Amino acid sequence: QVQLVESGGGLVQPGGSLRLSCAASGRFSGIYDMAWYRQAPGKQRELVAAIPSGGNTNYADSVQGRFTISRDNAKNTVYLQMNNLKPEDTAVYYCNALVRVTSLSAFNYWGQGTQVTVSS
């Protein structure tokens, strides 16, 4: 059983910063891609940022230059540093990881979500 546990969400004023963390735990042999998604009320879930095991990152246009995704492979953790936050960044943020469970199988897992609210 693999679990992804997120932390770091909350309420912040426009222009402020937050750092999200997501730690993977359980029985597995490695993690391939890790990513952050978000879902605002009434909207579809969208990719915010992704970082494969090789380390090349990619970002949604709406967060490019403001958000930074990183990972610590030793800790099985992915981070999302969010700067210059805007009200339109308000959403539930979900961690996602493609986890190598055995040498022959990999599965996609989601965290439970953490609320980020940007408001004055």
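Cys 22 and Cys 95 form a disulfide, with their sulfur atoms 2.1 Å apart. A disulfide is defined here as a pair of cysteine sulfur atoms within 2.5 Å. In general, such a link is a covalent bond between the sulfur atoms of two cysteines. The structure holds one disulfide. Cys 22 lies in strand β3 (residues 18-26) and Cys 95 in strand β9 (residues 91-102), so the pair ties together parts that are 73 residues apart in sequence. The torsion about the S-S bond of Cys 22 and Cys 95 is about -80°, so this disulfide is left-handed. Both Cys 22 and Cys 95 are buried. Buried means under 20% relative accessible area, exposed over 50%, and partly exposed in between (1.4 Å probe, protein chains only).

The model is predicted: local features need pLDDT of at least 70, side-chain atom pairs count only at pLDDT 80 or more, and totals for chains, interfaces and linings use all residues. Residues are numbered from 1 along each chain as its sequence is written, and side-chain values use heavy atoms, with hydrogens and water left out.

Strands are DSSP runs of E with at least two residues, numbered from the N terminus. Two strands pair if DSSP finds at least two bridges between them. Four strands form an open sheet in the order β1-β3-β8-β7, with antiparallel pairing. The edge strands are β1 (2-7) and β7, each pairing on one side only. Neighbouring strands of this sheet are turned by 15° against each other on average, direction ignored. For such angles, axes are lines fitted to C-alpha atoms, and values run from 0 to 180 degrees between N-to-C directions.

Strands β7 and β8 pair in the antiparallel sense over six bridges. They form a hairpin with four residues between them. In the turn, Asn 76 has a positive phi of about 55°. In a regular strand the side chains alternate between the two faces of the sheet. The covered face of β7 (residues 67-72) holds Phe 67, Ile 69 and Arg 71. Its uncovered face holds Thr 68, Ser 70 and Asp 72.

Asp 72 stands opposite Thr 77 in β8. Strand β8 spans residues 77-82. At 8% relative accessibility, Thr 77 counts as buried. A polar atom of the Thr 77 side chain lies 2.9 Å from the backbone oxygen of Lys 75. Beyond residues up to four places away in sequence, Thr 77 touches Cys 22, Ala 23, Met 34, Ser 70, Arg 71 and Asp 72. Contact here means heavy atoms within 4.5 Å.

Note on methods:
A polar contact is a pair of N or O atoms within 3.5 Å; within protein, one must be able to donate a hydrogen and the other to accept it, and residues adjacent in sequence count only if both atoms are side-chain atoms.
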